[in-house]
Amino acid sequence: MTILQDVDKEFSQVPIIDISALISQTSNYSKVVADQIRQACQDYGFFYIVGHGVDEKLQEKLEHLSQQFFAQDEKTKQKIRMALGGRAWRGYFPVGKELTSGRPDLKEGIYFGTELEENHPLVKAGVPMHGRNLFPSNIPQFRETVLDYIDSMTKLGHTLMAGIALSLELEKSYFTDRYTKDPLILFRIFNYPPNSSLSKWGVGEHTDYGVLTILKQDNVGGLQIKSKSGWIDAPPIPGSFVCNIGDMLDRMTQGLYRSTPHRVQNLSTSNRLSFPFFFDPNFNVEVKPIELKDVVVNDDKSDRWDKASVHEFRGTYGDYLLNKVSKVFPELQQKVL
């Protein structure tokens with residue numbers, strides 16, 4: 001296994017971790033990977049992964065079909081608008097309709113999740129964020145490609161959570177046993193139009209809500225993260241995904257692993273595609289802090305981008321998440337939830 005991590009003292013380069021030992025479950029090297037994950041989570045809250053085994057042709061197909069979708073006129077894209085997704089919270093939204101810190105983002109996108117039939121118990125019970133996806137009927141293979149990608153990334157999410165458990169000196173099944181055996185999967189495809197204005201952000205400074213985000217980028221770039229030395233670029237690296245901690249893992253680890261602010265600005269002359277995949281706890285599970293040795297709750301509320309504590313919440317992950325998404329789509333929240 002080749003170790004590709006290269007972290008300088010000024011925290012100016014996001015580390016790259018070869019996770020092939022986790023994929024192959026090679027015990028001798030899994031500890032090495034876990035140690036790298038721990039260091040990256042404590043220093044950055046972000047890391048690249050290579051050696052992940054996700055089919056490159058599947059990724060290329062997903063990117064090609066996504067380009068086809070966003071190249072269409074607005075009327076056509078609106079045929080799968082989020083309002084038609086109902087409580088499942090799926091579908092398309094146009095530029096400016098998703099908010100970050102109350103400000104419209106300069107991006108459009110499609111929301112997806114685990115595909116559940118109408119007779120699924122959670123769908124029949126009307127549980128928000130569960131149900132059928134909306135797919136464009138005029139783009140062949142779009143549905144199959146998205147669902148295949150979700151399946152592949154869900155498997156990768158389980159593998160990475162095992163690595164994160166090992167990095168915390170826990171049993172590798174810690175998160176699966178308690179929170180993610182049946183995870184809440186949220187997948188987005190975002191398109192950032194060209195933007196020549198330094199004052200406008202594709203998405204402004206924020207942290208992610210959940211446990212783990214696995215991001216596929218195209219080759220345009222524009223992602224920045226707030227490291228200990230200031231804002232740094234996280235450019236596309238061929239064959240990699242970018243992973244980052246969400247607020248809920250920050251809370252679980254009592255601040256040992258911090259959720260890191262990040263933002264996106266597309267200053268190129270072409271569209272930028274990104275594919276964030278959110279691997280989160282089950283909707284109905286109560287999330288509790290992990291009992292870690294020699295770790296005292298470190299609440300950085302005053303320093304956080306939203307001045308909100310991630311450690312004060314009590315309840316199910318679903319309660320927590322619904323409170324968050326209602327601020328992203330306030331108009332839709334009033335009509336649907």
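Confidence comes first. Across the protein chain the pLDDT averages 90, and 93% of the residues reach at least 70. Where pLDDT is low, the predicted coordinates are not to be read in detail.

Next, the inside. The largest nonpolar core counts 94 residues, and F142, F175 and F187 touch the most other members. Helix α6, spanning residues 142–167, gives this core its largest share, with eleven residues. As for F187, setting aside neighbours within four places in sequence, its contacts include L62, F112, Y149 and F277.

Several elements each supply at least two lining residues, among them β7 (184–192), β14 (272–280) and α9 (317–328). The largest share, eight residues, belongs to α9. Sorted by class, this lining holds 24 nonpolar, twelve polar and twelve charged residues.

The second largest pocket comes to about 410 Å³. It is lined by 21 residues, and L22, I23, Q25, T159 and A162 sit closest to its centre. Here α1 (20–24), α2 (27–43) and α6 each put in at least two residues, with α6 providing the largest share, seven. This second lining is made up of seven nonpolar, eleven polar and three charged residues.

Terms used:
Residues numbered from 1 in each chain as written. Predicted model: local features only at pLDDT ≥ 70, side-chain atom pairs only at ≥ 80, totals over all residues. Heavy atoms only, no water. Core = buried A, V, L, I, M, F, W, Y, C linked by side-chain atoms within 4.5 Å. Buried < 20%, exposed > 50% of the residue type's maximum accessible area, 1.4 Å probe, protein only. Helix = DSSP H or I, 4+ residues; strand = E, 2+ residues; numbered from the N terminus. Contact = heavy atoms within 4.5 Å. pLDDT = per-residue confidence, 0-100. Nonpolar A, V, L, I, M, F, W, Y, C, P; charged D, E, K, R; others polar. 1 Å grid on protein atoms, 1.4 Å probe; cavity = no way out; pocket = protein on both sides within 12 Å on 5 of 7 lines; lining within 4 Å. Points joined across faces, edges and corners; volume = space filled by probe spheres on them.
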